[in-house]
Amino acid sequence: MILDKNTAKKTAELLLQINAIKLKPENPFTWASGWKSPIYCDNRIILSYPTIRNYVREELAKQVESLYGKPDIIAGVATGAIGIGALVADYLGLPFIYVRPEPKSHGRQNQIEGVLEKNQTVVVIEDLISTGKSSLNAVRALKDSGASVKGMLAIFSYGFPVAEENFKESGIDLHTLGNYEHLIELASETDYVREAQLHTLREWRNSPSEWNK
C-alpha cells in the first residue's frame, strides 16, 4: 500500500534523479532470478546522497510512528536495507538489528545480528519489494526468534500481484514510499521515456516472468 501519492511521486522523482532507478526498455537487465527486465532499482545508491538519504530516512521514520507508534526495535533486511534501516532507527532513537538471508556458516551462525529479546515489537525496513520472498524470509526469522513483527515499510515496490498475495498469506502489513505505477506515471509526464517505451514498461509489468523470453 502506498502511504501518500505526493510522497510516491517525490520518491520516484528522487530515485530517477540519482539513477537509483534505471529504465532501459531496449536493452533489458537480467535479474538474479533470471527474469529479463526493462527496469533496475538499486536503492543503496541513496546512501551516497545526504539530502535524499535524509528525506527517505525521515519519511520512513514518520510513517513508522504514524502506523505503529514506537516499536522496541527497527530491523533491516540484509544487505540492501541495512544502511537505511540503521538511519531510521537512529532518527527514532531505537535499537537496530539486521536479518541475513540465512544463518552464517561459521562463528555463532547468526541469522539475526544484534540484540533481540523474545516478545519485543519490531518494524522491518526493506529497500525494495519484488516478489516479497526474501523480505518475508526475514520476517519468519524474526518470528522464529520470538519477535512480534508489527509490519514492514519499504522504499519502493514493483507492485507485482504475487508480492501482494505473498504478504496477504503471511498476514504481514506492507507499506511503501513509492511504487512502479507512480514511477511510470512520472516518467510519462516528464518525457523521461517515450510512448513506445512506456508500452514496453507496462507490458513487462503485466507478466515479468515471461517477458522477453
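**Entry 1: aromatic rings.** I kept in mind that this is a predicted model. I then picked out Phe-156 and Tyr-158: their ring centres are 5.7 Å apart and their planes stand at 90 degrees, so I noted the pair as edge-to-face. How buried is Phe-156? Its relative accessibility is 1%, so with the cut-off at under 20% it counts as buried. Tyr-158 is buried too, with a relative accessible area of 2%.

Tyr-158 also pairs edge-to-face with Trp-204, at 5.8 Å centre to centre and 80 degrees between the planes. I was pleased to see that this pair links distant parts of the chain: Tyr-158 sits in the loop between β9 and α5 (161-170), Trp-204 in helix α7, and 46 residues separate them.

**Entry 2: cores.** Which residues touch the most other members of the largest nonpolar core? In this core of 46 residues, they are Phe-156 and Tyr-158. Helix α2 (residues 50-68) gives the most to this core, namely seven residues. I also listed what Phe-156 touches beyond four places in sequence, including Leu-15, Ile-21, Cys-41, Leu-128, Tyr-180 and Leu-183. Another core lies apart from the largest one; it has 23 residues, among them Val-77, Val-124, Phe-167 and Ile-172.

**Entry 3: helix α6.** I went through α6 (residues 180-189) and found Tyr-180, His-182, Leu-183, Ile-184, Leu-186 and Ala-187 buried. What do these buried residues pack against? I found α1 (5-17), β1 (21-23), β4 (39-41), β9 (148-157), β10 (174-179) and α7 (195-206). A reminder to myself: an α-helix has 3.6 residues a turn, so residues three or four places apart point the same way. Just after α6, I noted that Asp-191 takes a positive phi of about 60 degrees.

**Entry 4: a loop glutamine.** I ended on Gln-111, in the loop between β6 (96-99) and β7 (112-113). Is Gln-111 buried or exposed? Its relative accessible area is 18%, and the cut-off is under 20%, so Gln-111 is buried. Its side chain reaches the backbone oxygen of Pro-101 at 3.3 Å. Leaving out neighbours within four places in sequence, I counted Tyr-98, Arg-100, Glu-102, Asn-137 and Ala-141 among the contacts of Gln-111.

How values were computed:
Residues are numbered from 1 along each chain as its sequence is written. This is a predicted model: local features need pLDDT of at least 70, side-chain atom pairs count only at pLDDT 80 or more; totals for chains, interfaces and linings use all residues. Side-chain values use heavy atoms; hydrogens and water are left out. Buried means under 20% relative accessible area, exposed over 50%, partly exposed in between (1.4 Å probe, protein chains only). Helices (H or I, at least four residues) and strands (E, at least two) are DSSP runs, numbered from the N terminus. Contact means heavy atoms within 4.5 Å. Rings of Phe, Tyr and Trp (its six-membered ring) pair if their centres lie within 6.5 Å; planes under 30 degrees apart count as stacked, over 60 as edge-to-face and the rest as tilted. A nonpolar core is a set of buried Ala, Val, Leu, Ile, Met, Phe, Trp, Tyr and Cys residues joined through side-chain atoms within 4.5 Å. A polar contact is a pair of N or O atoms within 3.5 Å; within protein, one must be able to donate a hydrogen and the other to accept it, and residues adjacent in sequence count only if both atoms are side-chain atoms.
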